[in-house]
Amino acid sequence: MIGRIHHLGYVVRDLRSAVAFYEEVFGMRHLQTEMSEEQGVLAARLQAGDVELELLQPTNPDSPVGRFLARRGEGMHHVAYLVPNLERALEELESREFELVDRQPRVGLGGRRIAFLHPQSAFGVLTELVEERGE
Ligand code: CO
């Protein structure tokens with residue numbers, strides 16, 4: 001049901017300096033920076049070998065990521081796995097009574113279809129499912 005890790009999501013206070021760090025010090029390729037009004041974040045994607053990093057800077061302190069930053073500080077936020085069929089994965093998880101943040105797929109960063117599984121159902125790790133599109 002679950003494929004490889006697609007990306008890791010980190011919360012940062014200052015996206016520009018975080019992107020500069022990963023580009024200049026770690027030599028990663030900056031793929032895209034995107035504003036999501038819906039999620040209240042400015043997000044950057046970087047290529048880290050076979051996976052991506054997703055850096056998230058909250059633009060609104062009342063957004064989920066803004067509250068995360070205030071409560072826990074910068075750092076690891078979520079892990080995202082590829083799944084071949086997102087609806088099927090969500091049905092399966094729901095039928096096993098796992099707690100979903102999203103019962104239906106929604107459009108995430110980069111225009112991908114995604115859904116989140118609640119950390120309470122994944123041993124404390126906020127888990128994102130990303131639908132594969134031919135990779
Ligand atoms: Co993500």
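**Exercise 1. Determine how the donor residues of the cobalt ion are spaced in sequence, and describe the site.**

Solution. The spacing of the donor residues of the cobalt ion reads H-x46-E-x23-H-x49-E. The model is predicted: local features need pLDDT of at least 70, side-chain atom pairs count only at pLDDT 80 or more, and totals for chains, interfaces and linings use all residues. Residues are numbered from 1 along each chain as its sequence is written, and side-chain values use heavy atoms, with hydrogens and water left out.

Step 1. Identify the donors, that is, N, O and S atoms within 2.8 Å of the metal (3.2 Å for Na, K and Ca); water is not among the atoms, so sites may look incomplete. His-7 (NE2), Glu-54 (OE), His-78 (NE2) and Glu-128 (OE) coordinate the cobalt ion at 2.0 to 2.3 Å.

Step 2. Since His-7 belongs to strand β1 (residues 5–11) and Glu-54 to strand β4 (residues 51–58), the pair ties together parts that are 47 residues apart in sequence.

**Exercise 2. State the order in which the eight strands form the open sheet, and find the strands at its edges.**

Solution. Step 1. Strands pair if DSSP finds at least two bridges between them. The order is β2-β3-β4-β1-β5-β8-β7-β6, with mixed pairing.

Step 1. β2 (29–36) and β6 (106–107) stand at the edges with a single partner strand each, so one side of each has no neighbour in the sheet.

Step 2. Examine individual pairs. β1 and β5 (residues 75–83) run antiparallel, joined by six bridges, and His-7 stands opposite Ala-80 in β5. By contrast, β5 pairs with β8 (residues 127–131) in the parallel sense over five bridges.

**Exercise 3. Count the aromatic pairs and classify the one formed by Tyr-10 and Tyr-22.**

Solution. Step 1. Rings of Phe, Tyr and Trp (its six-membered ring) pair if their centres lie within 6.5 Å; planes under 30 degrees apart count as stacked, over 60 as edge-to-face and the rest as tilted. The count by this rule is four aromatic pairs.

Step 1. The ring centres of Tyr-10 and Tyr-22 are 6.4 Å apart and the planes stand at 45 degrees, so this pair is tilted.

How values were computed:
Helices (H or I, at least four residues) and strands (E, at least two) are DSSP runs, numbered from the N terminus.
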